[in-house]
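Trainee: I would like to check some labels against their cut-offs.
Mentor: Then let us look at the model.

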Amino acid sequence: MSRNAVILVDKASGITSFDCLGRIKRNVNKKTGHCGTLDKFAHGLMVVLSGSYTHLVPAFMGLDKTYEAVIEFGKMTDTLDPEGEVIETGDIPSADVVRQMVEKLVGEQMQVPPAYSAIHVNGVRSYQLARSGDDMVELKARKIIIHHAQLISYEAPYLKVRLEVSKGTYIRSYARDIGHMCNSCAYVKELYRTKIGPFSIEDSIAFDDVDAMKNLPDGELLIRRLPGTVELEMDSTEAFKAANGYVMPSIKSRLKEMDARFAILKRDQKTVCIYSVSEGKILCQVRDGE
């Protein structure tokens, strides 16, 4: 079995993202890539691409994400999640203070990633340095956006919040920061990812549902849901060029007029390739059975 597919997976807590990929590789296609992992303790939506569609990973990686998090105040772990060791304790903030800080911590922010993250530091993963006891791990703050923050409930010491965030945002760092803003400390106790761009957890399949993996919907139907995606029919010359990795100026001009971000380029209603307008290059050439 070897298919091009876009797979919306509901990862369970307690298993790694790598475990999810392993099941998909066995049941869908060995050529498989994810569009953003989830920590082992977290659960919820992952987008996985297989076959030719793996070339589209950069397009999916840039999508905004929505989470529901349970944040515990009064303690902070070294990993900023429930699997780490407590390294700091503090007072429990009042409901008014928590509400004010949730409202304040919205918009463009400079956020320092957790030490236990997959970011490279001099060619080594940050979490590898942290696990080795290297106290000199210093990660640079990065620009992120918290588009929306909704306080669902606060039953001290637990805050439940829904966050819509940009690419590169760490909810564990959000917990650390809001804890300190409340003159306390905090970590993420539970984390649930419910949306990635236009894709929702309601559309996903269980990570271990082999039958569903064998009956996946047409991946192109999901690709069409990417923001700014259009379909464009080409003539024979344009299609030949596109199939060989070159998009003619005539196509680029038409896409510019359409204000497209991604284009599904077709000939006789059959997809030849998927083109990233913003990056100015073909991301994916679809071939059956790849």
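Mentor: What follows takes the labels one at a time. This is a predicted model, in which local features need pLDDT of at least 70 and side-chain atom pairs count only at pLDDT 80 or more, while totals for chains, interfaces and linings use all residues. Residues are numbered from 1 along each chain as its sequence is written, and side-chain values use heavy atoms, with hydrogens and water left out.

Trainee: Why is asparagine 29 called buried?
Mentor: Buried means under 20% relative accessible area, exposed over 50%, and partly exposed in between (1.4 Å probe, protein chains only). Asparagine 29 has 4% relative accessibility, so it counts as buried.

Trainee: What makes arginine 225 and aspartate 203 a salt bridge?
Mentor: The term needs a side-chain nitrogen of Lys or Arg within 4 Å of a carboxyl oxygen of Asp or Glu. In this pair the closest N and O atoms are 3.4 Å apart. The two residues sit 22 residues apart, in distant parts of the chain.

Trainee: Why is arginine 225 called partly exposed?
Mentor: Its relative accessibility is 33%, so arginine 225 falls in the middle class. Aspartate 203, at 42%, is therefore partly exposed.

Trainee: How do you know that glutamate 220 and lysine 266 form a salt bridge?
Mentor: Their closest N and O atoms are 3.2 Å apart. Both residues are buried.

Conventions:
Helices (H or I, at least four residues) and strands (E, at least two) are DSSP runs, numbered from the N terminus.
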